[in-house]
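This report describes one protein chain for a reader who has not seen it before. Please look at the sequence and the model first.

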Amino acid sequence: RSESHALTHLSIHSGFLSNPSGLRGLRIGIDASIWFYHATYGREGENPELRTLFFRCARLMRSPFLRLFVFDGPLRPKLKRKKKVGGKDHWLVTGMCEIIEAFGFEWRVAPGEAEAELAYLNRVGVVDAIVTDDVDTFVFGARVIIRKCVASSHID
């Protein structure tokens, strides 16, 4: 079932109003590998990929939710999105981690695919929703997926 909501509304309603215990706000898990794919389209500045990632993180600051970025880990598949994945980390990982930390966001490295880790974290309640374009998270058992959260003020 798909519903469209403003991200701020979702953050306030699910993170605060529907959370009578007040233990924490809405926590969103973010698939960092998808962000790397999107960053390759950056064209401006000295380092357009990191600039794109920086401004996407800046847009995330507009909504009152907790962010947890998850990166692919050492046991990820050798082939991903029909492209060969090397044995080393993506070249943007170090810079992206620095940006994430500068914004005060959390991050972690999955044992394998970030999508599988995020789905697990969603199932056990560590994250309330997952931001990704990749439908693999449903295959891995995710319950709530947010799409298009950075491109606009609404999510699907």
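Which residue with a positive phi follows helix 5? That residue is G125, and its phi is near 90°. The model is predicted, so local features need pLDDT of at least 70 and side-chain atom pairs count only at pLDDT 80 or more, while totals for chains, interfaces and linings use all residues. Residues are numbered from 1 along each chain as its sequence is written, and side-chain values use heavy atoms, with hydrogens and water left out.

**The chain as a whole**

The chain has six helices and nine strands. Helices (H or I, at least four residues) and strands (E, at least two) are DSSP runs, numbered from the N terminus.

| Property of the chain | Value |
|---|---|
| Residues that count as buried | 44% of 156 residues |
| Contacts with a separation of 6 or more that join residues 24 or more positions apart | 66% of these contacts |
| Accessible surface | about 9,000 Å², 56% of it from carbon and sulfur atoms |

Buried means under 20% relative accessible area, exposed over 50%, and partly exposed in between (1.4 Å probe, protein chains only). A contact means heavy atoms within 4.5 Å. Accessible areas come from the Shrake-Rupley method with a 1.4 Å probe; for residues, only the protein chains shown count as cover.

The buried residues are A114, E115, E117, L118, A119, L121 and N122.

F55 lies in helix 3, residues 48-60. Its relative accessibility is 37%, so F55 counts as partly exposed. F55 and I99 are 44 residues apart along the chain, and their C-alpha atoms are separated by 9.9 Å.
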